[in-house]
Amino acid sequence: MEGLGVTLDHEGASGAGLAAGRQVFRTYADVLAEAPLENGARVAFKYRKDGDGYVLTELKAR
């Protein structure tokens, strides 16, 4: 899967097996088009598991 990488510091999602910490998520330009991309911006995101990694499916200001 091709795409862009976005690094997020996040609180994790224990129910989904996503440990808290800093992680690179793959995503696409359409997801990033309206996302707040400034360093330190607080965001809410949705993701899905894809192979060994995760893909952002939604990213918006919190």
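**Entry 1: elements.** I counted the elements of the protein chain and got one helix and four strands. I took both from DSSP runs, numbered from the N terminus: helices are H or I with at least four residues, strands are E with at least two. Along the sequence I read the pattern β-β-α-β-β. I note that this is a predicted model, where local features need pLDDT of at least 70 and side-chain atom pairs count only at pLDDT 80 or more, while totals for chains, interfaces and linings use all residues. I number residues from 1 along each chain as its sequence is written, and side-chain values use heavy atoms, with hydrogens and water left out.

**Entry 2: overall build.** I checked the radius of gyration, taken over C-alpha atoms; the globule rule is 2.2 Å times the number of residues to the power 0.38. For 62 residues a compact globule would come out near 11 Å, and the protein chain has 11 Å, so the two agree. I then read the span of the C-alpha trace along its principal axes: about 25 × 25 × 15 Å.

I looked up burial next. Buried means under 20% relative accessible area, exposed over 50%, and partly exposed in between (1.4 Å probe, protein chains only). Of the 62 residues, 24% count as buried. The accessible surface comes to about 4,400 Å² (Shrake-Rupley method, 1.4 Å probe). Carbon and sulfur atoms hold 48% of that surface.

I also looked at contacts, meaning heavy atoms within 4.5 Å. Of those with a separation of 6 or more, 41% are between residues 24 or more positions apart.

**Entry 3: T27 and L56.** I found T27 in strand β2, residues 21-27. T27 counts as buried because its relative accessibility is 0%. I followed the side chain of T27 and saw that it reaches the backbone oxygen of L56 at 3.3 Å.

I moved on to L56, in strand β4, residues 53-61. L56 has 2% relative accessibility, so it counts as buried. Residues up to four places away in sequence aside, I listed what L56 touches: V6, L8, F25, R26, T27, V31, F45, K46 and Y47. I also took the C-alpha separation of L56 and L4, which are 52 residues apart along the chain, and got 9.9 Å.

**Entry 4: T7 and H10.** I placed T7 in strand β1, residues 4-10. T7 is partly exposed, because its relative accessible area is 48%. Beyond its neighbours within four places in sequence, T7 is in contact with R22, Q23 and V24.

H10 is buried, given a relative accessible area of 10%. Its side chain makes a polar contact of 3.1 Å with the side chain of Q23. For that term I used a pair of N or O atoms within 3.5 Å; within protein, one must be able to donate a hydrogen and the other to accept it, and residues adjacent in sequence count only if both atoms are side-chain atoms. Outside four places in sequence, the contacts of H10 include L18, A19, F25 and F45.

**Entry 5: A35.** I located A35 in the loop between α1 (29-32) and β3 (43-50). A35 is buried, since its relative accessible area is 12%. From A35 to F45, 10 residues apart in sequence, I read 9.8 Å from C-alpha to C-alpha.
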